[in-house]
Amino acid sequence: MADSKMHILVCGGTGCRASQSEQIVGDLKAELENRNLENDVKVITPGCFGFC
Ligand code: FES
């Protein structure tokens, strides 16, 4: 992770997982791999941001 140029944060809290955030994470990771950006951009799933 330290070598990454950018991080994308997608909530991994219970409320957002119930709203398909894991699907978003999977789609983002797949697209980053398609574009050979998986080493530059990491998708992080922190806990609840408190927006829900
Ligand atoms: S679970 Fe995502 S903001 Fe609360």
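Colleague: What share of the residues in the protein is buried?
Modeller: This is a predicted model. The protein has 52 residues. A residue counts as buried if 20 or more other C-beta atoms lie within 10 Å of its own. Buried residues come to 2%.

Colleague: In what order do the elements of the protein run from the N terminus?
Modeller: There are two helices and two strands. The order from the N terminus is β-α-α-β.

Colleague: Which residue just after α2 takes a positive phi?
Modeller: Look just past the end of α2. The phi there is about 55 degrees. The residue is N36.

Colleague: Is D40 buried or exposed?
Modeller: D40 sits in the loop between α2 and β2. It has 12 other C-beta atoms within 10 Å. The cut-off for exposed is 12 or fewer. Therefore D40 is exposed.

Colleague: Which residues is D40 in contact with, leaving aside its neighbours within four places in sequence?
Modeller: S21 is 19 residues from D40 in sequence, and their C-alpha atoms are 21 Å apart. Contact needs C-beta atoms within 7 Å. Beyond its sequence neighbours, D40 is in contact with S4, K5 and M6.

Definitions and conventions:
Residues are numbered from 1 along each chain as its sequence is written. This is a predicted model: local features need pLDDT of at least 70, side-chain atom pairs count only at pLDDT 80 or more; totals for chains, interfaces and linings use all residues. Helices (H or I, at least four residues) and strands (E, at least two) are DSSP runs, numbered from the N terminus. Two residues are in contact if their C-beta atoms, placed from the backbone, lie within 7 Å.
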